[in-house]
Amino acid sequence: AVERLGVARWLAERATPQAREDYARGDARRTGFRDLTRAARERLAALYAREAGSPSLPAAKRQAMERFRADYAALRAQWLATGTQPAQIAGYDRLVAEANNAAFGAQAAYDELVPAFEALFEQSGGDWPKFYAAVRALAA
């Protein structure tokens, strides 16, 4: 949340039009990747609920992960076709290659909490010290 909020403020106040455009392209890739991982998490959650204890669970999970990787390959191809350089998405490539339940869980925790922290920032009047105080109060 702090990254998103801070970058948005910096872009609005200090960035060149080119920097704003570059950031928007990268942010669109990040949003696409988050959507992809969210869909994979939802499919896996449904699979675990449906197949819990079933001997077919491992094979079904392998298929779900193959679909995730195929979906990513298609998204990656779109990115490359529109000028994205491989170095710009190397981190995504690594995340997909190493994807597992723990990685999806960490992504879920991150994705699900960010909107609440952004709302807290707005409730704090866009004031960083007030926001951090509110976050510390939540943590306590």
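Here is a tour of a predicted model, with stops at a core, a helix pair and some salt bridges.

**The core.** Start by selecting F33, F68, Y72, W79 and F104: within the largest nonpolar core, which has 17 residues, these touch the most other members. Now colour α2 (17-51), α3 (57-81) and α4 (90-97), each of which supplies at least two residues of this core. Helix α3 gives the most, with 7 residues. Next, zoom in on F33. Leaving aside neighbours within four places in sequence, F33 is in contact with Y72, L75, W79, Y92, L95 and V96.

**Two helices side by side.** Select α1 (residues 2-14) and α6 (residues 128-139). They pack at an angle of about 175 degrees, with axes 13 Å apart, so α1 is roughly antiparallel to α6. To see the contact itself, show V2, L5, G6 and R9 on α1, plus W128, F131 and Y132 on α6. By class, that makes 5 nonpolar, 1 polar and 1 charged residues.

**Salt bridges.** There are 13 salt bridges in the structure. Pick E118 and R4, whose side chains meet at 3.6 Å, N to O. E118 sits in α5 (residues 101-123) and R4 in α1, so this pair ties together parts 114 residues apart in sequence.

For a local pair, go to E21 and R25, with their closest N and O atoms 2.8 Å apart. Both lie in α2, 4 residues apart, about one turn of the helix.

Last, select R50 and E51, another salt bridge.

Note on methods:
Residues are numbered from 1 along each chain as its sequence is written. This is a predicted model: local features need pLDDT of at least 70, side-chain atom pairs count only at pLDDT 80 or more; totals for chains, interfaces and linings use all residues. Side-chain values use heavy atoms; hydrogens and water are left out. A nonpolar core is a set of buried Ala, Val, Leu, Ile, Met, Phe, Trp, Tyr and Cys residues joined through side-chain atoms within 4.5 Å. Buried means under 20% relative accessible area, exposed over 50%, partly exposed in between (1.4 Å probe, protein chains only). Contact means heavy atoms within 4.5 Å. Axes are lines fitted to C-alpha atoms, for helices over the stretch in contact, and angles run from 0 to 180 degrees between N-to-C directions. Angles under 35 degrees count as roughly parallel, over 145 as roughly antiparallel, 65 to 115 as roughly perpendicular and the rest as oblique. Ala, Val, Leu, Ile, Met, Phe, Trp, Tyr, Cys and Pro count as nonpolar, Asp, Glu, Lys and Arg as charged, and the others, Gly among them, as polar. A salt bridge is a side-chain nitrogen of Lys or Arg within 4 Å of a carboxyl oxygen of Asp or Glu.
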